[in-house]
Amino acid sequence: MGLVWLRHPVLWHSSRVPSGFNYTAMTLEQRELINSRWHNWYTADWDYARTTVYFFCAGIFLFGLVNLVSRLRHADNAKRAGVVRSIPFYTEIVAALRALEAKQVYVPLVDYYSPPLGAVVVVFGMVVFFIVLTFAPHPYIFPNPAMGHSPPIATRTGWISIAILPFLIVFATKVNLIGMFTGVSHEKLQVYHRWTAWIMYITSLIHTFPFIVQEMRAGTMHKDWTTTSWYWTGVAALIPQTWLVFMSWGPIRNRYYETFKKLHYIASGIFVAALFVHCNFRLTSWDYFWAIAALYGVSWLARYGRTLFNGLCHDASLEMLPENMVKMSIPTHLKWRPGQHFFVRFLDLGIHVASSHPFTVATLPSRRAETKESGNLIEIYARVHGGITSRLATLCRDGSMRASRVLLDGPYGGVERNLGVYDRVLLLAGGSGVTFVVPLFLDILRRALEGKFTCRKVHLVWAVRTPDALVWFDDVLSAAVKGAPEGLSVSVSYYITDGNLTLDDVSSKSEKDALMDGTLTKYSGRPDLLYIVREFSNEEGTVGIATCGPDSFTLDVGNAVCERELAILRGTARCSEIYMHHESYRYVCWHCIESHV
């Protein structure tokens, strides 16, 4: 195009001195309008971009305070926890908030499982805020061309879009600064990454179309396109942005995840670079790109620095298990908390070396390993779907590879709160979701033996399709039940949903009886999760719940917990508090991120 992409000399910021206005062609009211707050082009970055930043920072600060109170409540120090629980209306406020966190909605028409209602409320709040910020100030278009070339609604949405971008990117990072402050694991912030991307895309379109309409009406589109960089650089940014938004739609992303992930990084780089040139250091626009570079850079360096620190000498042995499951065993010196996951990069799988994949650790670190007296063992159970897991299964079956060198990035995630402060703990798993709850189960028993838990009862429910799947953990769970410490009631219930059990295999006990004593029982059919949650919480005291399973499984658990939270809020429940942790099933059993959009 023969254009110089950036204006020269290149500066940090452009001037705020007004220029180019024909004041003689304006009325007094029009001159006052273009110099007033919310309408002044030369202070639009302060009015709209800063307001957007303040909005996000206020929300993060609020959730940070909630995180602080929650950490004090779950502290091992009973005195601190008691102080928090003595706060006026603590029980009612917590029950209401946790009801929002637990509730989900299923839309059969499109087979859609919503995120927790709490996330929906937060996203709805963001949408309302940006609608008001975009459409509350008037006018949308200046009545007099002498008042400026940039339509007011295009100016404000441009700055809103720029200010959203750093938060959008930080929401997507693995070493997540927002997550550290709010106590929310990186995978659960993905829903905000996706929705801020949609909000930014819509504000970008609102920024774009007024210019197109204005130029077409004036007949200057071709001239401005060929003589300035504003228009073509804007389109150059909007095209990859459109790709990023629509190709990230859940069904597309999950079906073609390997391709999606690589193209997502490429399109993101093109988008940010084109947007950087498009902004052309107008006012403080480039400051937001420096913020992106700093925040993303810190996360990137921390992540890959930790990968190098974890070591370059890990070897994973592979084994094929019943029910289409691959088991990986990795000797290591690393430590982790129950329920955490690592991103695993396979160095011997050709093209797959270019990406890493999250898998939950199904074992506990040994106490001796924590003191570096001996090694440790990471065991991962990966359900075979597509991509990397399909490749691993093929290699295991044909015997061409039983081991691979791997890099470990992590650990990440896990249960954010201490389940040990609750009187009773209920662990619910569907299928390979058991790899998340088994370490929690074993950790409770181990810490109870050490006298570090006040929990009086723990019950694990595991639903599987066929009896063959029980081989994964049956020995471990049976030994744990038999070795349970005195004073702790331990029980495990298996549900075989698809298989045929002999009459001798099926327990004659009701689920209520199984909840009352320390046994290991088997049932045929699907578990009545609403009944199990209701019965388990039908005693005085506090209840902690952790769950991981398919979407329909966690939907039922979440809605059952929501019903109990509302009962606490109404004062009709016997228990005084219920806490639920929901782990993403896809992070546990295969390599796709959460499918909620």
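**Fold, burial and backbone features of the predicted chain**

Pro411 has its place in strand 8, where helices (H or I, at least four residues) and strands (E, at least two) are DSSP runs numbered from the N terminus. The peptide bond that joins Gly410 and Pro411 is cis, with omega about 5°. The model is predicted, and local features need pLDDT of at least 70, side-chain atom pairs count only at pLDDT 80 or more, and totals for chains, interfaces and linings use all residues. Residues are numbered from 1 along each chain as its sequence is written, and side-chain values use heavy atoms, with hydrogens and water left out.

The protein chain contains 21 helices and 14 strands. Its radius of gyration is 28 Å, close to the 25 Å given by the globule rule for 597 residues, so the chain is as compact as a globular protein of that length; the radius is taken over C-alpha atoms, and the rule is 2.2 Å times the number of residues to the power 0.38. Along the principal axes, the C-alpha atoms fill a box of roughly 95 × 60 × 50 Å. Contact denotes heavy atoms within 4.5 Å. Among contacts between residues at least 6 apart in sequence, 75% join residues at least 24 apart.

Of the 597 residues, 54% count as buried; buried means under 20% relative accessible area, exposed over 50%, and partly exposed in between (1.4 Å probe, protein chains only). The accessible surface of the chain comes to about 27100 Å², of which carbon and sulfur atoms account for 64%. These areas come from the Shrake-Rupley method with a 1.4 Å probe, and for residues only the protein chains shown count as cover.

Pro139 is placed in the loop between helix 5 (117-135) and helix 6 (152-172). Both residues of this bond are contacted by His39, whose partners beyond four places in sequence are Leu33, Ile34, Pro137, His138, Pro139 and Phe142. His39 itself lies in the loop between helix 1 (28-34) and helix 2 (44-73) and, at 17% relative accessibility, counts as buried.

Positive phi values occur at Phe281, near 50°, and at Leu283, about 50°; neither residue is a glycine. Phe281 lies in the loop between helix 12 (257-279) and helix 13 (285-310), and Leu283 is likewise in the loop between helix 12 and helix 13. Phe281 is buried at 2% relative accessibility, and Leu283 is buried at 0%.

Glu416 occupies the loop between strand 8 (403-413) and strand 9 (424-430) and is partly exposed, at 22% relative accessibility. Leaving aside neighbours within four places in sequence, Glu416 is in contact with Gly183, Val184, Ser185, Lys188, Tyr579 and His581. Glu416 and Ala58, 358 residues apart in sequence, are 22 Å apart in space, C-alpha to C-alpha. Phe209, in helix 8 (residues 190-218), is partly exposed at 47% relative accessibility.

With a disulfide taken as a pair of cysteine sulfur atoms within 2.5 Å, the count comes to 0. Cys575 is in no disulfide, and the nearest cysteine sulfur, that of Cys562, is 13 Å away. Cys575 is buried at 3% relative accessibility, whereas Cys313 is exposed at 64%.
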